[in-house]
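Q: Could you walk me through this one? I have the coordinates open and would like to go through it piece by piece.

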Amino acid sequence: MPTAVTDEQVSTLSYRYYIDYGLAIRGLVINHPDAKVDGSLPLDDILKENIPLRDMINSMNIEKKWLFTNAGKNHALRVVKCLGLEGCFDGLTYCDYLEPNFPCKPEAESFRRAMRDAGVVHASNCYLVDDSAANVDKALDLGWTGVHVADDPEVSNFGHFQISDILDLPKVLPEFWESRDTSSPSIKAPS
């Protein structure tokens, strides 16, 4: 299989790999093992520091904030750095692209891995904030609370809550910004 992917092939391959493998990056890893994917993206030119997001995350009054993403570790850390979110999370669950058939959202195993990584025993203590309806649905199936960051929250029926902007999170989960004791639940941040 060739490793080079032309600009014209990107859209078609992304969709085909998403359908065939559940995640476009999984198809790239399988079919183009030598392709440079994450490290070649000019994230510094695309993403900028997000002070309101950082302030919102840092002001959350919960025991643990965990980043749960389908990205690879290096890409996830690059995004966190570009957004100015270093130090905002207690840990990270990511896709290990070197692991054969690595689990990814919305597969149940990826959610179980996130719980193990975060040291969470009860699914009822987990919250997923995500822009993927499929991921939010799987979170609900597994007993998590789900918040769908939707293009149009008025028409979304995914998750327990629907918002159009991550900065609206305090409106649907105000308890995480109120004074709490240390037995508060964990929350999963968006990917």
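Q: What kind of model is it, and how many helices and strands does the chain have?
A: It is a predicted model, and the chain has eight helices and six strands. Read from the N terminus, the order of the elements is α-α-α-α-β-α-β-α-β-α-β-β-α-β.

Q: What share of the chain counts as buried?
A: Of its 191 residues, 43% count as buried. As for the contacts, if we take those between residues at least 6 apart in sequence, 59% of them join residues that are at least 24 apart.

Q: Which residues have the most contacts inside the largest nonpolar core?
A: They are Ile57, Leu85, Phe102, Val147, Leu169 and Leu173, in a core that has 30 residues. The elements that give two or more residues to this core are α4 (51-58), α5 (73-82), β3 (127-130), β4 (145-149) and α8 (169-172).

Q: And which of those gives the most?
A: That is α4, with three residues. In general, nonpolar side chains in soluble globular proteins tend to be buried together.

Q: Leu85 was on your list. What is it in contact with, leaving aside the close neighbours in sequence?
A: Once neighbours within four places in sequence are set aside, Leu85 is in contact with Asn50, Leu53, Arg54, Ile57 and Val80. Apart from this core lies another one, of 13 residues, and among them are Ala114, Met115, Ala118 and Ala139.

Q: Let's turn to β4. How many of its residues are buried?
A: Five of its five residues are buried, and the cover extends to both faces, with Thr145, Val147 and Val149 on one side and Gly146 and His148 on the other. In a regular strand, side chains alternate between the two faces of the sheet.

Q: What about β4 and β5?
A: β4 also pairs in the parallel sense with strand β5 (residues 161-163), over three bridges, and here the bridge partner of His148 is Gln162 in β5.

Q: His148 keeps coming up. Why does it count as buried?
A: His148 counts as buried because its relative accessibility is 6%, where the cut-off for buried is under 20%. Not counting residues up to four places away in sequence, it touches Asp130, Asp131, Ser132, Ala133, Val136, Ser156, Phe158, Phe161, Gln162 and Ile163.

Q: And Gly159, where is that one?
A: Gly159 is in the loop between β4 and β5, and it is buried, with a relative accessible area of 15%. Leaving aside neighbours within four places in sequence, Gly159 is in contact with Val136, Leu140 and Gly146. From Gly159 to Ala133 the separation is 26 residues in sequence and 7.8 Å in space, C-alpha to C-alpha.

Q: Changing topic: how many cavities of 30 Å³ or more are there?
A: The count comes to one, and about 30 Å³ of space lies in the largest cavity.

Q: What lines it?
A: The largest cavity is lined by Phe68, Thr69, Thr93, Tyr94, Cys95, Pro103, Ser110 and Arg113.

Q: Back to the helices for a moment. Which residues of α2 are buried?
A: In helix α2 (residues 24-31), the buried residues are Ile25, Arg26, Gly27 and Asn31, and what covers them includes α1 (7-21).

Q: Is Asn101 buried or exposed?
A: Asn101 counts as exposed, because its relative accessibility is 60% and the cut-off for exposed is over 50%.

Note on methods: Residues numbered from 1 in each chain as written. Predicted model: local features only at pLDDT ≥ 70, side-chain atom pairs only at ≥ 80, totals over all residues. Heavy atoms only, no water. Core = buried A, V, L, I, M, F, W, Y, C linked by side-chain atoms within 4.5 Å. Buried < 20%, exposed > 50% of the residue type's maximum accessible area, 1.4 Å probe, protein only. Helix = DSSP H or I, 4+ residues; strand = E, 2+ residues; numbered from the N terminus. Contact = heavy atoms within 4.5 Å. Pairing = 2+ DSSP bridges. 1 Å grid on protein atoms, 1.4 Å probe; cavity = no way out; pocket = protein on both sides within 12 Å on 5 of 7 lines; lining within 4 Å. Points joined across faces, edges and corners; volume = space filled by probe spheres on them.
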